[in-house]
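Please keep the sequence and the model in view while reading.

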Amino acid sequence: MILLLCFSGKCCIFAEQNFVSTKFNIKNGIYMSVSVKIRTKDVPEPDAILRRVADKGTEIVATSNEYPSLKFGFLNKALRGIEVNEEENGLEVRVCSFSTKADYQLFVKAIDAIMQLTGAKAYLEDEVEVIAPLSTFNDEWIEREQESGLDAARALVKHTGQHIVMYGLFCKFCLGAHLFESFDIPLSDDVDKEDVDSLFDYLCSM
């Protein structure tokens with residue numbers, strides 16, 4: 001079932017579907033992500049968060065718009081999207097490894113939005129306080145996270161000799177040697193940013 005809601009004057013598409021927790025589908029089930037916990041008893045309604053993160057002219061697409069887990073991303077720019085999970089002592093915002101720049105940017109916007117809505121404090125991995133998310137998780141941080149995610153994925157493919165399966169916002173996708181090679185991305189050594197951008201664009205178009 002598809003639901004259409006409007007945020008900031010634009011229609012936002014909501015698709016209800018089963019969703020499995022994001023992780024690498026390999027033998028030891030490695031889970032790589034970054035999370036920020038906002039400790040609050042004043043949990044905002046899901047649509048308040050979605051309205052806050054949607055800029056004018058920006059479309060948000062979600063596969064879950066209800067707690068205990070919101071899952072959403074920017075339309076046509078999300079690969080893995082982000083999660084906002086309701087927990088006993090507040091909300092957790094999570095972005096998984098091998099995400100697009102837009103996914104990471106939405107991660108930051110969601111943290112900032114929830115902090116503004118609740119007036120609560122946020123903690124990276126529930127430990128280190130995050131006072132200013134927009135400056136803490138800046139473009140340089142996002143670039144480092146993307147590089148780490150790509151390096152980890154390439155290392156896993158090279159080490160196992162097999163493809164790996166990840167869960168995207170809408171469907172699973174595979175990363176393997178042939179896919180990397182088709183975008184001139186080696187399993188080791190330096191990569192060209194344009195080639196990586198082309199790979200992400202291709203995956204987002206699936």
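Which elements do the buried residues of H6 pack against? They pack against helix H4 (139–160), strand E11 (172–175) and helix H5 (177–182), where contact means heavy atoms within 4.5 Å. This is a predicted model, in which local features need pLDDT of at least 70 and side-chain atom pairs count only at pLDDT 80 or more, while totals for chains, interfaces and linings use all residues. Residues are numbered from 1 along each chain as its sequence is written, and side-chain values use heavy atoms, with hydrogens and water left out. Helices (H or I, at least four residues) and strands (E, at least two) are DSSP runs, numbered from the N terminus.

**Helix H6**

- H6 covers residues 193–204, 12 residues in total, and spans 16 Å from its first C-alpha to its last, close to the 16 Å expected at 1.5 Å a residue; the expected span is 1.5 Å times one less than the number of residues.
- Val196, Leu199, Phe200, Leu203 and Cys204 are buried in H6 (under 20% relative accessible area, with exposed over 50% and partly exposed in between; 1.4 Å probe, protein chains only).
- Viewed down the axis of H6, these buried residues fall within an arc of 130°, so they line one face of the helix; the arc is that of the directions from the helix axis to the C-beta atoms.
- Glu194 and Asp201 are exposed on the other side of H6.
- At the start of H6, a side-chain oxygen of Asp192 comes to within 2.8 Å of the backbone nitrogen of Glu194.

**Aromatic pairs**

- A search of the whole structure gives seven aromatic pairs, counting rings of Phe, Tyr and Trp (its six-membered ring) with centres within 6.5 Å; planes under 30 degrees apart are stacked, over 60 edge-to-face, and the rest tilted.
- Phe183 and Tyr202 have ring centres 5.6 Å apart and planes at 45°, so this pair is tilted.
- The pair links distant parts of the chain, 19 residues apart: Phe183 is in the loop between H5 and H6, and Tyr202 is in helix H6.
- Phe183 has 17% relative accessibility and so counts as buried, whereas Tyr202, at 39%, counts as partly exposed.
- Tyr104, Phe107, Phe137 and Trp141 are linked into a cluster by ring pairs.

**Thr100**

- Thr100 sits in the loop between strand E7 (90–96) and helix H2 (101–118), and is buried at 5% relative accessibility.
- Its side chain reaches the backbone oxygen of Lys77 at 2.9 Å.
- Not counting residues up to four places away in sequence, Thr100 touches Lys77, Ala78, Leu79, Gln146, Phe200 and Cys204.

How values were computed: Polar contact = N/O pair within 3.5 Å; in protein donor to acceptor, adjacent residues only side chain to side chain.
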